[in-house]
Amino acid sequence: MCWKNKSPARNNRNGRPGVYGDYLCDAPIQLVRSAVDAMRKIHSNPDFIMWTGDDTAHVEDKYFSTATVVEIVKTLTDTLNGTFPNVPFLPVLGNHDYYPKNQLPPGKSSLQGQVAELWKGWLDRLDADKAFKSFNSSGRYVADIKGTKVSVMALNTLIWYKSNNSTALNKTSDDPDHQFAWADEQLTALAKNGRKVYLMGHIPPGNFERYQQKTEGFHWYQERYNQRFIKLIQDHYEVIEAQFFAHHHTDSFRLFFKDDRRDGKAQAISYQLLAPGVTPWKSTLSEETGANNPGIRLVSYDTETGKLTEVTTYYLDLRDANENEPEWKFEYNFTTYYGLKNISALSLFDLNNRMTNDRKLFDRYYVANTVKYEDASACTPSCQKLHRCSIAEVDYTRFRACNATSKLVPWSLFLFLIVGSQCLRSLL
C-alpha cells in the first residue's frame, strides 16, 4: 500500500520507500517472496505449514472487489506452493480476505468457494475431500497430521468478529453456523480417539495488548462469542495441546484458566501463541499500536504427545534490508529467551507473573512483541500492566477489572511451519 501512502516512513537513506517495503505500508511481493525463501532455507521439509490469513492490503473497500481478493490469494498460494510443493498447508481466511472486508457471512459464499478451489489440493491432501467440503461450506475443518497423534482444528473466527455485521446485527444467535456446537462435537471425538489438538485461527479472543486509549481496552470478538470460546477451552482443555492465532501482527501469548477463579486460585489450563506478521504495517487503530519488523516462526513439537518443545522466531530488519540485502536472522528461542523449563500453560502463567515484578524480563518480552522494532523504554508502567492483563485475562470483565487502575498514555502472512524426526517434529 505504499502507492497510497502520501508520507512514507522512509526507511532507507535515499528517502523513498524501500524495495522490501515500509513501516507505514503492507508487504510488497518482494518481501513476501523473501519470507518464503527464508522459510525454505530454515527448514525445507516441515511436517506442515499454518497460514493464518490476512493476505490483502489494509486499504478501503473501494480499491477491491471479490475478483481482486481472489487474485491476491492465488498469487500467494502459487508462491507458497511453488516453494513447498510437497508440504501440507493448513490455511484459514483473515478478516481482510473478503470483500467487503470483515463481512464474511456464515456458511457458504462465492469468495470462500473460489478460495476453496485454490486450496483444494492442500485440503484434499490433509483429509481426502472432507477438509475441502468443510472449508467450502463453512470456512473451517479438522485434519490429522500424518505419522503423528496431532490433529489441527482450523476455525472460522471471522464470524465471531464484532465488525462483521452479518453476525453482529443478529442478536438472537449465540452460535453462527453452529461452529461452537461443531467444535464441541469434534473435540469430544478427537479426545476419544486419543488425539492431541492444535487450534488455529486468524482473530484471537481477548483484548489487544497495545491499545492504550481506554482502560476498558479494545477487543475483536463480540462478547457473547468471547465467552463461548473461553467455555469451549475450559470444556476441552485436556485434548487441546496448543493454540495458534494471528491478527495482531505482534508476538504475544494468552492464558486460559479452569474456572472463574472465585476462590482466588488460578489454575492455568491452556495457552495461545500469537504470531508476528510478515507485514510491517503500522496500525491506524491508534498511535501507540505501532509497527513491527517482519517475522516468521518455526515450532518444534513431540509427535506422540503434541507438546511443543521449542518456538523459534526469525525476523527481517526492514531498514537494513532496504539499504543492503534482505537477511532473515534468528531472533530468539522461546525457552532460553524466557528461562522456561518447558512450554505449557503453567510455565507461561509463571512467566507472566515474573514479568510483573521483573522489568528486565518484561523488556525482553516487549522488544520481541514488535519483533525488535520498538525499544522497551517506550512502555510505561501502565503499558506494562496492559500487556500483563491482556495475557492473563481473556474474559472482558476480568480484563477491565485488571486494567482499571491504569492511566491512559498520552501520545503525540502470518505463517507457522512444521518439521520432524521420528518422535520430534517441527512446525513454522
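1. A cavity is a set of grid points where a 1.4 Å probe fits but cannot get out. In this predicted model, the second largest cavity has a volume of about 50 Å³.

2. The lining of that second largest cavity is formed by Val 92, Leu 93, Leu 104, Gln 112, Phe 135, Gly 139, Leu 155, Asn 156, Thr 157 and Leu 158. Six of the lining residues are nonpolar and four are polar, with no charged residue present.

3. Helix 12 spans residues 359–369, and its buried residues are Leu 361, Phe 362, Tyr 365, Tyr 366, Ala 368 and Asn 369. These residues lie on the same side of helix 12 because they cover an arc of only 160 degrees around the axis. Their packing partners are strand 7 (252–257), strand 11 (329–333), helix 10 (334–338), helix 11 (345–357) and helix 13 (381–392).

4. Both ends of helix 12 deserve a remark. At its start, a side-chain oxygen of Asp 358 comes to within 3.2 Å of the backbone nitrogen of Lys 360. Just after helix 12, Val 371 adopts a positive phi of about 55 degrees.

5. Gln 272 belongs to strand 8 (residues 268–274). Its relative accessible area is 0% and the cut-off for buried is under 20%, so Gln 272 counts as buried. The side chain of Gln 272 makes a polar contact of 2.7 Å with the side chain of Gln 243.

6. Apart from neighbours within four places in sequence, Gln 272 is in contact with Pro 204, Pro 205, Phe 229, Gln 243, Phe 245, Ser 252, Phe 253, Arg 254 and Phe 256.

Terms used. Residues are numbered from 1 along each chain as its sequence is written. This is a predicted model: local features need pLDDT of at least 70, side-chain atom pairs count only at pLDDT 80 or more; totals for chains, interfaces and linings use all residues. Side-chain values use heavy atoms; hydrogens and water are left out. Buried means under 20% relative accessible area, exposed over 50%, partly exposed in between (1.4 Å probe, protein chains only). Helices (H or I, at least four residues) and strands (E, at least two) are DSSP runs, numbered from the N terminus. The arc is that of the directions from the helix axis to the C-beta atoms. Contact means heavy atoms within 4.5 Å. A polar contact is a pair of N or O atoms within 3.5 Å; within protein, one must be able to donate a hydrogen and the other to accept it, and residues adjacent in sequence count only if both atoms are side-chain atoms. On a 1 Å grid over the protein atoms alone, a cavity is a set of points where a 1.4 Å probe fits but cannot get out, and a pocket is an open set with protein on both sides within 12 Å along at least five of seven lines; lining residues have an atom within 4 Å of a point. Grid points are joined across faces, edges and corners, and a volume is the space filled by probe spheres set on the points. Ala, Val, Leu, Ile, Met, Phe, Trp, Tyr, Cys and Pro count as nonpolar, Asp, Glu, Lys and Arg as charged, and the others, Gly among them, as polar.
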